[in-house]
Amino acid sequence: MRFPVIVLILLFVFTACICAYILKDINSYASRPNRKRIARIFVIVMVLMFGVLALGVALPRDGSCDDVLPVMWIIFSYSTVLIAGTVYCLCSLIGRLINLGSRRLVNFGAMVGVPLAILVFLIMWWGVLYTRHDTQVRELAVESPRVPANFNDYTIVQISDAHVGTWGNDTSFISKLVTEINNLKPDAIVFTGDIVNRKTSELEPFRKVFARLKAKDGVFSILGNHDYGDYVYWESDDAKVKNLQKLKDWQTEMGWTMLNNSHAFLHRGNDSIAMIGVENWGEPPFKQYGNLRTALTTPDRRLGSYDDNFKILLTHNPMHWSREVVKKSNIDLTMSGHTHAMQMELDIAGRRFSPASWRYPEWGGEYKALSRDSVPMSLYVNIGCGEVGVPMRIGATPEITMIKLKSQDPRLHE
C-alpha cells in the first residue's frame, strides 16, 4: 500500500486546489477582517491533513496487517474529507456557470453543495460504523430434475471474501457471522475464497472462530486471488510457497475441506451430488490457477463434464462461469464471490445496481444460462462479508447466502 511520490504530489496539488476554492467561497461571504484568520486556519488544516497522510504512507512496513491497518484508516479518513470537499466544489462550480451572464449574486449551487457534501461524508462513515456490520441472509431455491430425491430441501450456506486482515485482531464481527450461520443449521457450508488480504498471518486471530462453523456434511472452501500472496513483495519464492501452504494447513486444522482443483461427493442414502472446487481463475493480467478439467477428474474415477450428476462448482471469479463453465460443462450450480459489489449497492424495489456492473457482467445475485445440451445452469455471486482497500460498505451489506435444492424427481410424487 505504498504511494508513489508522483501520486502524493498530484494528491497534494488537487487537495490544495479544493481548499483554495472553498476558501475563496468562504471569503466571499466573510467580512474583510476575518479573511486572513480564515486563510491561516485553512492552510494549517490542509498541511496537517496532508502531513498525516504523507507520514502514514511513508512509514516502513513489513507487510503485516498491523502495519497496513493504520495506513488504510488514514487514507480512508483523508478521502472522506477530500471527497466531501470535491462534491461541494462541483456544486458550487455548476452554480457559478448557471449564474454566468446574469446579475444574480447568490450561488445556489454552493447552497446545495454544503448539505450534499455533509451527506456524502456521513454516508461514507455510516458505511464504516453500521453497514459493514449489518449482515443479510439472502435465500435462493435451485430446482432441477437432476437433484436426487434424497437431496430435496438440502441446504447450503455460502459465504465469501472475508478479508479478515481488514479487521486486524478484532474477531467480534466474524464471531457474530459464524453464530448466524450455525443458527441456520445448514447441511453444508461453502466458502468461495479470499479469506485474507495479503498474508496468511492475518488469519491467526480468527482460526478458532472459523473452526466453530458446523454443518452436517462439513465446510468446503477454495482459494481466492488474495489468498496466494500475490500482493506482497516476498524475500524469496520459498517464503511465498510456505505462506500459501500455511493457509491450506490452517484451513484443514479449522475442519474445512479445501477443494483445490478437485471434487468430493456428498451422499444421502443411495443418492449423491458432486461438490467441485477450482483454484482462482484470474482473468488477464492476473494469474490463473484454476483448472476445471483437473477438478472434474481423479485417478480412480472420472466425473465427466457432461454426465448426469447434479454438480455444484465453487469458483472465486464469476467471469469463469461465462467464459468457460457454460461453454465446457453442464454444471448445474456455480457459486462465486470476488466482486464485493465494489462495496456499494443501491436496491430500489428489488432492482439492484452497483458500480461493479461496469466491470463484471455477473456481479451479484443469480444468473442463468443453458449448457450446450440444454441443461439449465445457474450462477450465484455472493457479494462477500468483508472489505478490502476501504473499511466501508454502502448498501452492499455483508452477505450470507442460504441455498435450498429442490428436486423434481418423480420418486417424490409416488
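Patches are made of residues with over 30% relative accessible area and no salt bridge, with like charges joined within 9 Å and nonpolar side chains (Val, Leu, Ile, Met, Phe, Trp, Tyr) within 5 Å. A salt bridge is a side-chain nitrogen of Lys or Arg within 4 Å of a carboxyl oxygen of Asp or Glu. The structure described here is a predicted model, in which local features need pLDDT of at least 70 and side-chain atom pairs count only at pLDDT 80 or more, while totals for chains, interfaces and linings use all residues. Residues are numbered from 1 along each chain as its sequence is written, and side-chain values use heavy atoms, with hydrogens and water left out.

A nonpolar surface patch is formed by Val 5, Ile 6, Val 7, Ile 9, Leu 10, Phe 12 and Val 13, which together have about 630 Å² of accessible area (Shrake-Rupley method, 1.4 Å probe, only the protein chains shown counting as cover for residues). Phe 12 lies in helix H1, residues 5–29; helices (H or I, at least four residues) and strands (E, at least two) are DSSP runs numbered from the N terminus. With a relative accessible area of 34%, Phe 12 is partly exposed, a class between buried (under 20%) and exposed (over 50%), computed with a 1.4 Å probe and protein chains only.

Strand S7 (residues 271–277) is mostly covered, six of its seven residues being buried. Strand S6 (residues 262–268) runs antiparallel to S7 and is joined to it by seven bridges; two strands are taken to pair if DSSP finds at least two bridges between them. Ser 262 has Gly 277 of S7 as its bridge partner. The two strands form a hairpin with two residues between them, and Gly 269 in the turn has a positive phi of about 60°. S7 also pairs with S8 in the parallel sense, over four bridges, and Met 275 has Ile 312 of S8 as its bridge partner.

In helix H9 (residues 319–328), the buried residues are Met 319, His 320, Trp 321, Glu 324, Val 325 and Val 326. Their cover includes helix H8 and strands S8, S9, S12 and S13, where contact means heavy atoms within 4.5 Å.

The whole structure contains 20 salt bridges. Arg 132 and Glu 387 form one of them, with the closest N and O atoms 3.1 Å apart. This pair links distant parts of the chain, 255 residues apart: Arg 132 is in the loop between helix H4 and strand S1, and Glu 387 in the loop between S13 and S14. Both residues are buried. In helix H5 (residues 172–183), Glu 180 and Lys 176 lie four residues apart, about one turn of the helix, and form a salt bridge with closest N and O atoms 3.0 Å apart. Glu 180 is partly exposed at 24% relative accessible area, and Lys 176 is partly exposed at 35%.

A network of salt bridges links Arg 138, Glu 345, Arg 352 and Glu 399. Glu 399 is found in strand S14 (residues 399–407) and counts as buried, at 1% relative accessibility. Its side chain makes a polar contact with the side chain of Thr 401 at 2.8 Å; such a contact is a pair of N or O atoms within 3.5 Å, where within protein one must be able to donate a hydrogen and the other to accept it, and residues adjacent in sequence count only if both atoms are side-chain atoms. Beyond the neighbours within four places in sequence, the contacts of Glu 399 include Gln 136, Arg 138, Tyr 380 and Cys 385.
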